Amino acid sequence: MEREATKGRLLDTLERLGNLRRAQTRRLGGEFGLVPVQLESLHYLAKANRYSDTPGALAEYLGITKGTMSQSIRALELKGYLIKKPDPFDKRVIHCELTKAGRKVVQATATPEFVLDALASLPAEEIDQSNAALEALLRAMETNQGYRTFGACRTCRYFLVEPNSFRCELTGEELLDAETMLICRENQPRDEAS
Ligand code: SF4
């Protein structure tokens, strides 16, 4: 019974955090004439790696339909916040690249001070525990629903550390240090991969 009550409190907390986050996204996006899905698209593309900056990956990450994704990308193109580029090796693949103006919007709408202040007020240990618990919850939901896990290279079973470089075992390509911090749609968490 107590366990059920704890689960209920957790669901309430997640709901309230989600509501606050949505309200911020609406407010911050509104300052640039963007609806939430458009601002979220810019933020996703700013942190997606070269295998994940495609319209399809964007739709998967945000959990939106292809129609919504296409409209969103078109609107961002018209506002000059992104450009579409064909892949140099496979013309069927399109990459969405943020323009300078798009990057400025991402910077200007980064996590607000009051959220950072709230995080800074928590002990490091509490942040670590919350992070671990929420990551475990997210992984369980993604696994149960068959969603992609979207994570950075250092959490991935395909990430190889070589003497003077990094490499993706899945694609065989070398990775720059900065790229290993970006999120990837092909990520396979080390502990869960078979
Ligand atoms: S190592 Fe994993 S996360 Fe990194 S690029 Fe390769 S598949 Fe993606």
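Let me start with a term: a crossing of two helices is right-handed if the near helix is turned clockwise from the far one by less than a right angle, and left-handed if anticlockwise. Keep that in mind. What you see above is a predicted model.

First, the helices. Two packed helices are described by the angle between their axes and the distance between the axes. Here, helix 3 covers residues 55-62 and helix 4 covers residues 66-78. Their angle is about 115°. Their axes are 9 Å apart. And the hand? Helix 3 and helix 4 cross in the right-handed sense.

Who makes this contact? On the helix 3 side, look for Pro55, Leu58 and Ala59. Helix 4 brings Lys66, Met69, Ser70 and Ile73. Sort the contact residues by class, and you get five nonpolar, one polar and one charged.

Now strand 5, residues 166-168. Two bridges join strand 5 to strand 6. One place to look is Phe166, which stands opposite Leu175 in strand 6.

Last, the ligand. Find Asn49 and Tyr51 around it. Then come Cys153, Cys156, Tyr158 and Phe159. Cys168, Leu170, Cys184, Glu186 and Asn187 complete the list. How does this shell divide by class? Eight residues are nonpolar, two are polar and one is charged.

Technical notes. Residues numbered from 1 in each chain as written. Predicted model: local features only at pLDDT ≥ 70, side-chain atom pairs only at ≥ 80, totals over all residues. Near = placed C-beta within 6 Å. Nonpolar A, V, L, I, M, F, W, Y, C, P; charged D, E, K, R; others polar. Axes fitted to C-alpha atoms, helices over the stretch in contact; angles between N-to-C directions. Helix = DSSP H or I, 4+ residues; strand = E, 2+ residues; numbered from the N terminus. Contact = placed C-beta atoms within 7 Å. Pairing = 2+ DSSP bridges.
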